[in-house]
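I opened the model to look up a few things. My notes follow the structure.

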Amino acid sequence: DNQYAEIAVLTNPTTGSNGLGQRQVVGDMDGDGRGELLSGDDDGDVFVYERVADDAYRSGWQQAGDGDARIVGGGLDLDGDGAGEFAVARFFNDPFDVEARRWQVDVYGATGDNTYASEWQVEVLGGQPRGSGIGLGDLDGDGDVEWVLLTVPNLYVFRATEAGAYEPVWHNKVRETHRPLIGDVDGDGVVDLVFNGDGQVEIFSLAVEGAAVERPAGFVAYSLGDDAIGLEWQPVAGATEYRILRDGEVVVDRYDGLSYIDDGLSLGASHSYRVAALGGDGVVGPFTVERSAKVFPAPELKSLQRISTFQLALEFSAEMEEPFAYRFRVEPDLGPVVAAVADRGGERILLAFAETLPDSGRYTLSITGLRSKSGGALADPSFSFVLNALSSPARPLRAEVLSATKVAIQFDKPIAARDGLQGAFAFSDTSLQIASVQVDGDRIVLQLASPLRPVGRSYGINITDLIDDDGLLVEGALSFRYAASDLSAAKPFPNPYRPLFGELTFAFLTPGAAVAVFDASGQLVRSLVERDGDGGVLWDGRNQAGQLVGSGIYLYRITDGEEVRLGKLAVLRD
């Protein structure tokens, strides 16, 4: 959790200044089942990398060009031909002739595996590269993708007229936006187009022809305990009343409020709802998108615990929605809550305060507007608690290998036994999984699902969400090494070995084992010793003088004073 590793560095394979932009496109561009990454640079070149294996990529296609090609978009089927396309907007700027500024926009399609060609082109006069971008989405709800070209100060919406052909269908003036936002931002079931206007954010959606009033925005449905579902929506200009449907049937024909409680329902039952506004002439406007809710007990705040000098942890009976700091207030005042973070899928929320919390006193936490992920409001939005001086949580001291499938972790204080402890421990090597956990006071034994391998590396264990006997959160990390108990499995890998691709490992060694490499005539080439207890030593393909050895068959001897292992390995220099 919250740990990341760099898996690849993809360099620009083209020539020139090669300045990259902030926009890339990811998708299966050529339909071969492998993901690609598209990017463009400031001297007009575009290029595609293709995934060839887990965390491995290769340069698949590139095209040299002119202008500034850092504005790219696409990765979806833009013209309905069943294949993906991508768009590249190149900006041409003549510093001596402002009127000569222009955009050349090309839509590319795949012509084969890792080959692409422009299938349509248009030019747009004027503009600037800063704050421009390309967006995709079904703006009119017809099931086909439209693409939005934002070239400050103009925005154009394009749609396909046939395979490989497009036309503009809408235009508006814009300010710097970088990339238009496309989505249902107001919850009315209609896709919106959002961009920066003149001193304001502008939101557009497809107009409904003939509608006297608009559909209500912000429509939500949520459980209200054991027998009711609550509905809420935003007011509609010109509406006098609202009509409510439950499961496709009218449950309220005319209603003059903006929230409604549908009670008398059965526990566990699911229902779907829609709402429409009625104009002054009684004409019914378009209905909202359908919202569903299930009747279930209201979520509860089960416990509150101090976990640091300025943090509280709240445990809930259900997964809660993403929290906001302003929803939480403590009386007597403890200062503002500056951060609220969901944890454990939303069943726990961590509150961070701007000031250090006191070590004593009785307080009440009030929560406003927080709902579960299913929409249910809290059964009781107030919770009383007592603050005490913070004790130090248990600390992990060391890890000890008991066997190839057992690792013991020693703490300085006892750990609380509870269900689900496997999730509190994770190896940095994600291939290692924990089958079970046994708690014995201040010692925990991890039973591994697969054995450790003494291959010349350290193993790391990350500890999160562990609770000690004082109820305090325990977190930390440990590392340990593992060597073999005998030389029965000792061997080099890879074999054959190509020094161009890295180092060779002599693995499954005992501590202190010595490795000697000989050429075919029996002359010593390199001697190595396992010194750090991790069961492996590395050979870089060089002799004792630091020179790379030639291609051929080499002999090796591994000994630890009690056992001897002999073998052959091949070195390939090409």
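I am working on a predicted model, where local features need pLDDT of at least 70, side-chain atom pairs count only at pLDDT 80 or more, and totals for chains, interfaces and linings use all residues. Residues are numbered from 1 along each chain as its sequence is written, and side-chain values use heavy atoms, with hydrogens and water left out.

Domains. I listed domain 1 (20-205), domain 2 (220-295), domain 3 (301-387), domain 4 (396-481) and domain 5 (491-571). The bounds come from an automatic or database domain assignment. I read 43 Å between the C-alpha centres of domain 1 and domain 3.

Cores. A nonpolar core here is a set of buried Ala, Val, Leu, Ile, Met, Phe, Trp, Tyr and Cys residues joined through side-chain atoms within 4.5 Å. Buried means under 20% relative accessible area, exposed over 50%, partly exposed in between (1.4 Å probe, protein chains only). The largest core has 24 residues, and F411, F425, L446, L452, I461, L466 and F480 touch the most other members. β35 (458-467) is one of the elements that give two or more residues to this core. β35 gives the most, with four residues. Strands (E, at least two residues) are DSSP runs, numbered from the N terminus. I also found a second, separate core of 23 residues, which includes L304, L314, Y363 and F385.

Loop. I placed D54 between β3 (46-53) and β4 (56-63). D54 is exposed, at 68% relative accessible area. Its C-alpha is 40 Å from that of V289, 235 residues apart along the chain.
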